[in-house]
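This report goes through one protein model in plain terms.

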Amino acid sequence: MRLRNFALGAFFCLQICLPLSYYLGDDPSDERFAWRMFSATRLSQCKTEVIAAQRSGPETSLDSREHLHVAWVTNIARNRKRVIETYLERVCDDGYSSAKLTNKCVLPSKEKQSFVYEIACESREFTRVGP
């Protein structure tokens, strides 16, 4: 009986603590464990633009939708930091010297925001500009 009560208590504690990790965390776009019914994040409309610079050539505009699964494209548009970093690392692996991903978003409040992520391929150093 005690073991069952402890297991139930631990389960309910987990159900509360995991969503709290989102609200107390530092990445507002990663809603994997959030109470999404209270979220307006998914209502944001973002347009993604990727510009990559070749080592010895001009900058090239890349269309992520051409060579990524739709789930990746969706997570990039939602500003999921880890997904964006992984994608930009893959761009570097394709022989580019740097890449810049810009998400231009319209929030549910109709406010416009831009999120810019850059990578220097040689050092694999990321820079993020934006809220």
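A residue is called buried when its relative accessible area is under 20%, exposed when over 50%, and partly exposed in between, using a 1.4 Å probe and protein chains only. The structure is a predicted model, in which local features need pLDDT of at least 70 and side-chain atom pairs count only at pLDDT 80 or more, while totals for chains, interfaces and linings use all residues. Residues are numbered from 1 along each chain as its sequence is written, and side-chain values use heavy atoms, with hydrogens and water left out.

**Disulfides**

A disulfide is a pair of cysteine sulfur atoms within 2.5 Å. The structure has two of them. With bonded cysteines counted along the chain, their pattern is 1-3, 2-4. The table sets out both pairs.

| Pair | Sulfur atoms apart | Separation in sequence |
|---|---|---|
| Cys46 and Cys105 | 2.0 Å | 59 residues |

Helices (H or I, at least four residues) and strands (E, at least two) are DSSP runs, numbered from the N terminus. Cys46 and Cys105 form a disulfide. Because Cys46 belongs to strand β1 and Cys105 to strand β3, this pair ties together parts that are 59 residues apart in sequence. The torsion about its S-S bond is about 110°, so the disulfide of Cys46 and Cys105 is right-handed. Its two ends are classed as follows: Cys105 has 3% relative accessibility and therefore counts as buried, while Cys46, at 22%, counts as partly exposed.

Cys92 and Cys121 are both buried. Another cysteine, Cys13, has 43% relative accessibility and so counts as partly exposed.

**The largest nonpolar core**

In soluble globular proteins, nonpolar side chains tend to be buried together. A nonpolar core here is a set of buried Ala, Val, Leu, Ile, Met, Phe, Trp, Tyr and Cys residues joined through side-chain atoms within 4.5 Å. The largest such core has 20 residues, and Leu62, Ile76, Tyr87, Leu88, Val91 and Leu101 touch the most other members. At least two residues of this core come from each of β1, α3, α4, β3 and β4. Helix α4 gives the most, with six residues.

What does Leu88 touch, not counting residues up to four places away in sequence? Its contacts (heavy atoms within 4.5 Å) are Ala99, Leu101, Tyr117, Glu118, Ile119 and Phe126.

**The second largest pocket**

On a 1 Å grid over the protein atoms alone, a pocket is an open set of points where a 1.4 Å probe fits, with protein on both sides within 12 Å along at least five of seven lines; lining residues have an atom within 4 Å of a point. The second largest pocket holds about 230 Å³ of space. Its lining is made of 13 residues, and Lys47, Thr48, Glu49, Asp63 and Arg65 lie nearest its centre. Strand β1 supplies the largest share of this lining, five residues.

Thr102, in strand β3 (residues 96-106), touches Lys47, Thr48 and Glu49, among other residues. Thr102 has 7% relative accessibility, so it counts as buried.

Methods. Points joined across faces, edges and corners; volume = space filled by probe spheres on them.
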